[in-house]
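Here are my notes on the charged pairs in this one. Have the viewer open while you read, and click along as we go.

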Amino acid sequence: MIGFNKPYLTGKETEYIKEAVMSGKISGDGIFTKKCHQFFEQKYGFRKALLTTSCTDALEMAAILLDIKEGDEIIVPSYTFVSTVNAFMLRGAKIVFVDSGKDNPNIDVELIEKLITPNTKAIVPVHYAGIACNMDKIMALANKYHLFVVEDAAQAIDSFYKGKPLGSIGHLAAFSFHETKNIISGEGGMLVINDERFVERAEIIREKGTNRSAFFRGEIDKYGWVDIGSSFLPSDIIAAFLYAQIENLDDIQNKRKHIWNTYYNSLRHLEETGRIKLPSIPDYATNNAHMFYIICSNVHERSDLIKYLKENDINVVFHYLSLHKSPFYIDKHDGREMPVSDELTDCLVRLPFYYELTQEQQKIIIRKIKEYYYDKN
Ligand SMILES: *Cc1c(COP(=O)(O)O)cnc(C)c1O
């Protein structure tokens, strides 16, 4: 069976974990956490990077930092993972969903402005498959209406918008190192703070509402409870794993881009002949090869394709279900239709994608997809 995902170990993970354990300090903000913070801040120019236990936690920190409360409105795409939205609902926000654009699954920026009200507090764009949203338009709206922007950059490590790293553009950004992402630590995430005003408080919220971080840096004599917060920081064992991954970031990215290009070039003819749609990458965006998906003509064809590939020992999977139609939200939604998000819900399928996918395996996957479309239809 060719699986959909396989976590890749670069080789140094257990060595660094052992080092972290032997250092005698395995709680948060140890040696490896600091190394990871430094790496991300230097490489991508983030004002401040803070590892968290997940991207979900980073988004929850963002919602606390923005003081989201009952009645505040948050503008988000419907085609996303639940955490993008949950983080804000936990604080009582009203969610205003937006459809995806015509070109790719990202939020349709043309629809945002008329959804802004005096209660709107933030826009949370998701860089789907690591492909940038149209950030100039989003930031212009944010400036015009005094809104915050939180980038859900869970899938977007090492990807760029007009040369700017994703995660460096919004006031805040959240990354994921879940085992399905490009670089991983099992579970893991990172909050990025680009707006100076949030830096100090972010450290406090991450440390259970205490100013312990400042205390450990020797900036204050004793630490205490100064704000709300929770325990959002990961053990240094997790950071040790992650550090082994980031040391190999370039290698991982090169390999993934090669796999992505092979899929794209091999399946192009199916798109040119109108059988499927392939991802399209706007001129302003780079491709970080997080994911390779194809879009089928309808839900029946997709189920049929998934079944056909499964019979041939290939595991492909669909992705999000429009959140405005989820069992939890359907009664709360204002009734606006989101046809593109619904189409993606029905028709998008993700192909096996991981570092150790061999050329032979990829050839088989491509051959079987072509067989399905050329022979069966
Ligand atoms: C993976 C993902 C998340 C959640 O990440 P965790 O680290 O598992 O919490 C959130 N948003 C998007 C868009 C994701 O792809």
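1. Start with Lys162: it is exposed, with a relative accessible area of 52%. (Exposed means over 50% relative accessible area, buried under 20%, and partly exposed in between, using a 1.4 Å probe and protein chains only.) Its salt-bridge partner is Asp136, and the closest N and O atoms are 2.5 Å apart. The pair links distant parts of the chain, 26 residues apart: Asp136 is in helix H5 (residues 135-145), while Lys162 is in the loop between strand S6 (160-161) and strand S7 (164-165). Asp136 is partly exposed, at 35%.

2. A quick word on terms and numbers. This is a predicted model, where local features need pLDDT of at least 70 and side-chain atom pairs count only at pLDDT 80 or more, while totals for chains, interfaces and linings use all residues. Residues are numbered from 1 along each chain as its sequence is written, and side-chain values use heavy atoms, with hydrogens and water left out. A salt bridge is a side-chain nitrogen of Lys or Arg within 4 Å of a carboxyl oxygen of Asp or Glu. Helices (H or I, at least four residues) and strands (E, at least two) are DSSP runs, numbered from the N terminus.

3. How many salt bridges does the structure hold? There are 24.

4. Now look at Glu207, which is buried at 3%. Glu207 pairs with Arg212, closest N and O atoms 3.1 Å apart, and Arg212 is partly exposed at 23%.

5. Lys307 and Glu311 form a salt bridge at 3.7 Å. Both lie in helix H10 (residues 299-311), four residues apart, about one turn of the helix, and both are exposed. Elsewhere, salt bridges with shared partners join Lys48, Glu203, Arg217 and Glu219 into one network.
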